[in-house]
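This briefing goes with the sequence and structure shown here.

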Amino acid sequence: MVDAEHTICAAYGGLETFGAGRCLNPSGLFYGILRRSGRGGLGLRARLALSLCIRRQPWNLVDATDTSHPDYYHRVVDCQWACPAHTDVPEYIRLIAQGLFTEAYLLNRQSNVFPAILGRVCDRPCEPACRRGRIESKPVAICRLKRVAADNRGDITGRLPPVPRLKNGKRIACIGAGCASLTVANDLLPLGYEVTIFEQNDRPGGLMRSNIPAFRLPEPVLDEEIGMILGMGVELRLGERIDSLRALIETGRFDAVFVGSGAPKGKELRLPGRDEAAANVHIGISWLESVAFGHVDRIGERVLIIGVGNTAMDCCRTSLRLGARTVRVIARKPRGFFKASPWELEDAEEENVEILVNRSPKAFVIDNGRLAGMRFECMEYELDAHGRIVAERVADEQFLPADDVILAIGQENAFPWIERDLGIAFDKWNVPVVDARTFQSTRPGVFFGGDAAFGPKNIIWAVEHGHQAAISIHRHCHGEPLTERLPPGLNLQSRKMGMHEWAYANDYAPIERRLMPHVSLKERFKKLNIEVELGFSAEQAAAEAQRCLNCDVQTVFSAKLCIECDACIDICPVDCLTITSNGTEVELRAHLKAPAQNLAQPLYVSAALPQTGRVMVKDEDLCVHCGLCAERCPTAAWDMQKSLLHWPHAEDEARALEQRKPKIA
Amino acid sequence: MTFIAKPKVTHPSLPPNALGLTRRAYEGALSTLCAGCGHDSITAAIVEACWRLSLEPQNLVKLSGIGCSSKTTAYFVSGAHGFNAVHGRMPSIATGANAANRRLSYIGVSGDGDTLSIGLGQFCHAIRRNLDMLYIIENNGVYGLTKGQFSASADIGSRAKKGETNRQPPIDPVLLALDLGAPFVARSFSGDKRQLVPLIEAGLKHRGFALIDILSPCVTFNDHEGSTKSYAYTREHYEPAVLADFVPREQPISIDYPPGEAREVALHDGSRIVLRKIGADYDPTDRTAAHAAVQARGGSGEYLTGLIYLEAADRHAEFHQVNATPEAPLNSLPFEQLSPGSTALRTILARYR
């Protein structure tokens with residue numbers, strides 16, 4: 001991209017003056033100049049001279065950071081950036097701190113739809129991202145605070161989006177009553193759509209109900225939040241399994257179809273003895289489903305769980321509640337490679353589940369026509385410096401006795417009920433091709449979301465898929481191109497209230513993460529549905545809420561006001577500010593007051609400062625948002641401004657489309 | 001000022017010094033000065049210098065008089081000893097403390113009022129005695145604490161915030177110190193830590209009187225147009241004479257200096273100052289030339305900064321040599337030695353009969 005004409009005069013090398021174009025891409029600059037020089041074939045010395053010359057030119061400096069793009073400040077709020085649904089975490093934690101639990105719940109519900117459910121079982125991508133985890137060792141207990149809001153909220157009747165009595169005449173079919181379909185219904189019903197959900201089981205909830213044991217997610221919690229959506233007027237067709245998508249489409253009743261049927265097929269382990277042992281070998285997710293629906297209520301004394309993901313954790317803990325005495329989880333690889341979330345591993349190990357590593361299943365051992373155990377190869381791995389496996393060998397073999405074996409080695413999508421000639425393209429893994437942004441398949445009007453779209457992920461992903469699919473469905477039904485969706489927006493509003501007064505709690509609270517109280521080991525196995533986690537007490541919630549760093553209260557800098565007095569730099573407790581002369585990114589990083597720990601985090605670079613032309617550089621990575629830079633700034637060049645992300649949902653699309661409609665006079 | 005204390009949280013990779021302390025261990029109480037005050041920047045530079053020198057906090061003595069500047073000793077190295085003297089009388093206290101214990105490092109922080117008006121006499125005599133201390137003047141040309149009257153360092157023609165023009169000539173502490181024979185004279189700017197921090201390190205390690213006159217804009221009463229000590233004016237009229245790098249004893253010189261452009265001066269404890277020339281030929285070991293250079297620049301409204309004059313270590317006798325003070329601190333001497341008794345007194349008196 002050439003935006004100006006410059007003349008470069010190389011100091012030596014005998015180069016003459018020539019015209020050159022400025023390329024915004026620094027690596028492209030050199031070549032851009034050579035290409036435009038009209039000389040070609042410059043000698044080595046000339047090239048060297050030229051590159052030296054270029055390095056010192058003003059346009060090779062880092063450009064001032066464009067903070068007007070919503071992504072810039074959004075990214076600073078690490079939890080919100082990491083959350084697929086972009087839940088406004090700092091704001092709901094603030095509401096909890098103020099005791100406004102109902103408001104905190106409703107704010108959550110806007111983006112993640114199932115706060116009480118997710119407050120218990122979310123995979124919490126926000127917590128590993130949390131800045132507190134980089135400042136101290138443990139992140140804020142974001143997920144469990146969400147549960148605090150749900151546990152303590154008041155009545156929300158009348159505070160959910162109203163559903164119009166007059167419908168808009170568009171009918172949507174959702175296949176599967178899981179979190180993705182329910183989110184689609186939640187977003188479209190208030191816009192006047194008629195939504196029909198087909199569910200093969202006799203109760204809604206999908207994998208949330210069938211695969212998450214009741215001791216982690218009690219049924220009343222599930223029923224209540226699903227009920228809120230059903231209560232908006234979903235036509236729920238339970239026990240109706242869709243066996244042919246063609247038949248559904250050909251009814252002509254529906255303007256769009258959303259497939260939210262999950263990834264319902266557990267992976268099989270074909271090993272010798274599998275068929276003979278069939279009665280005592282179970283597929284993890286199907287087995288959990290049978291337990292959830294009351295078809296299975298006991299298991300053998302010795303149980304082996306194959307696989308070490310979150311499903312394996314649910315299987316081993318469920319086994320303990322159905323009468324198993326020794327439960328062993330078998331992992332093929334060392335601990336660093338486990339798929340399960342660290343907290344789920346922790347909870348299982350608390351219940352004395354033994355996790356055996358480096359054992360690769362070899363065969364099911366049959367004795368007298370009955371499963372006697374399994375034979376494993378004991379593996380040895382060689383790791384490189386990055387912890388990757390570079391070599392493996394079988395060191396030994398081992399037999400482990402078992403009465404039952406549960407396979408929890410992954411799950412897959414299966415679409416035997418989608419005819420292949422409907423215009424829905426399938427890829428080489430036999431999975432439909434789905435657009436990652438619009439969630440539409442290659443057949444207009446057929447959308448996918450949740451595990452059905454891109455394979456097994458967590459609930460929170462399925463919820464966001466549902467939100468995005470709802471936008472697409474709305475645009476589809478109104479004949480608007482799916483890709484021209486509303487962009488996200490971001491508002492900034494100053495938190496300055498007066499002298500030394502800021503409208504947020506900016507004290508850094510040096511408290512450690514609160515521990516979740518659990519039901520005692522003696523009590524919890526008495527029944528299958530005793531919820532293990534008790535939830536935070538009021539005191540715990542109040543303390544934990546104070547650990548949030550208010551990353552959404554942004555440090556906003558205006559270069560033209562700065563007098564370079566260094567007050568902000570001197571006071572910053574985590575040394576994240578530097579004033580230095582501008583240079584290349586590498587040069588700027590070399591001059592930081594404290595080394596940047598996270599090289600993936602781009603530096604904030606201001607415009608040139610008025611007095612010296614230097615720049616203000618900020619490494620956002622460790623900023624604790626204490627506001628002292630703004631507090632100490634004599635000219636208010638720094639200000640603390642709360643960012644409010646506007647992440648569009650279907651209702652925003654509807655409003656925008658409504659406004660664009662020509663008004664009939 | 002602010003009421004919000006700096007939280008104790010730190011950058012996880014803050015490096016420790018030889019004592020295992022991070023920079024944060026050298027901080028002090030919450031500053032109550034105006035936001036953006038140059039003095040706070042100097043405080044930060046002192047913190048940085050003390051950390052870099054791995055000074056043991058209990059071996060530092062902070063002395064001050066009265067004024068905004070003199071409050072700042074509370075804001076750094078809270079583990080150090082401190083004495084807040086009567087207005088302009090900090091050198092007397094420093095003299096007494098120095099005589100009582102020569103093993104400690106002494107840092108005096110004063111302002112242009114405390115030093116050049118009420119304390120001018122004390123200041124001159126501290127130089128004359130060649131007290132072993134670092135004397136910092138936080139010079140902003142204005143009486144900030146009493147709401148912005150001209151101080152004795154205000155330049156002729158400089159305008160006050162309310163508009164009146166100063167018509168009295170300034171006292172330049174650098175010229176005064178050069179005249180009075182100070183062995184270490186420097187001038188710097190609160191907004192230039194790259195220059196200031198090594199100067200403070202060198203000043204603390206220098207044996208004898210070290211003066212650093214630091215231009216430190218008063219953001220509330222003297223940072224307007226027409227002021228000659230504002231941030232903007234200082235930056236425009238700021239001319240570093242030499243670059244001084246402080247090299248501790250243990251550390252070999254790692255920076256590569258072009259030949260002929262750098263010269264090393266050893267301090268008493270074996271650490272060194274490397275002086276690097278920049279621009280015009282300037283010799284910081286020639287007192288007469290230094291005097292002339294400061295005067296010439298001053299006449300044209302420029303501030304010559306950097307290590308302006310440094311005397312070779314063997315050319316001056318400092319306070320302890322002249323007064324034959326004991327090597328050991330007085331509080332460690334036995335009572336009999338401190339108070340030799342009436343017989344000894346009679347012997348001494350007999351000498352005067």
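Why does the radius of gyration of chain B agree with that of a compact globule? The rule for a compact globule of 353 residues gives a value near 20 Å, and chain B has 21 Å, so the two agree. The radius is taken over C-alpha atoms, and the rule is 2.2 Å times the number of residues to the power 0.38. This is a predicted model, in which local features need pLDDT of at least 70 and side-chain atom pairs count only at pLDDT 80 or more, while totals for chains, interfaces and linings use all residues. Residues are numbered from 1 along each chain as its sequence is written, and chains are lettered from A and ligands numbered from 1 in the order in which they are written.

**Chain B overall**

- The C-alpha trace of chain B spans about 70 × 50 × 45 Å along its principal axes.
- Chain B contains 12 helices and 13 strands; these are DSSP runs numbered from the N terminus, with helices (H or I) of at least four residues and strands (E) of at least two.
- In chain B, 47% of the 353 residues count as buried, meaning that 20 or more other C-beta atoms, placed from the backbone, lie within 10 Å of the residue's own.
- Among contacts in chain B with a separation of 6 or more, 72% join residues 24 or more positions apart; a contact requires C-beta atoms, placed from the backbone, within 7 Å.

**Sheet in chain B**

- Eight strands of chain B form an open sheet with mixed pairing, in the order β2-β1-β3-β4-β8-β7-β13-β9; strands pair if DSSP finds at least two bridges between them.
- At the edges are β2 (81-84) and β9 (238-240) of chain B, each of which pairs on one side only.
- From one strand to the next, the twist averages 20 degrees.
- β9(B) runs parallel to β13 (residues 303-310) of chain B, joined by three bridges, and E239(B) has L304(B) as its bridge partner in β13(B).
- Helix α9 (residues 287-299) of chain B packs on the sheet, touching β9 and β13 of chain B, with its direction at about 170 degrees to that of β13(B); axes are lines fitted to C-alpha atoms, for helices over the stretch in contact, and angles run from 0 to 180 degrees between N-to-C directions.

**Nonpolar cores**

- The largest nonpolar core has 137 residues, and F258(A) is one of those with the most contacts inside it; such a core is a set of buried Ala, Val, Leu, Ile, Met, Phe, Trp, Tyr and Cys residues joined through C-beta atoms within 7 Å.
- Helix α19 (residues 459-477) of chain A gives the largest share of this core, nine residues.
- A separate core of 72 residues includes L131(B), M133(B), L196(B) and A241(B).
- Beyond four places in sequence, the contacts of F258(A) include I172(A), V184(A), F447(A) and I473(A).

**Strand β15 of chain A**

- On strand β15 (residues 404-407) of chain A, D404(A) and I406(A) on one side and V405(A) and L407(A) on the other are all buried.
- Strand β8 (residues 281-283) of chain A runs parallel to β15(A) over three bridges, and strand β9 (residues 302-306) of chain A pairs with β15(A) in the parallel sense over four.
- V405(A) stands opposite V281(A) and also opposite L304(A).

**Contact between the chains**

- Chain A gives 28 residues to the contact and chain B gives 23 residues.
- A35(B), in the segment before α1 (38-52) of chain B, counts as buried because it has 24 C-beta neighbours inside 10 Å.
- Outside four places in sequence, A35(B) touches A567(A), E631(A), R632(A), C633(A), P634(A) and T2(B).

Terms used: A residue is buried if 20 or more other C-beta atoms lie within 10 Å of its own, exposed if 12 or fewer, and partly exposed in between; C-beta atoms are placed from the backbone. Two residues are in contact if their C-beta atoms, placed from the backbone, lie within 7 Å.
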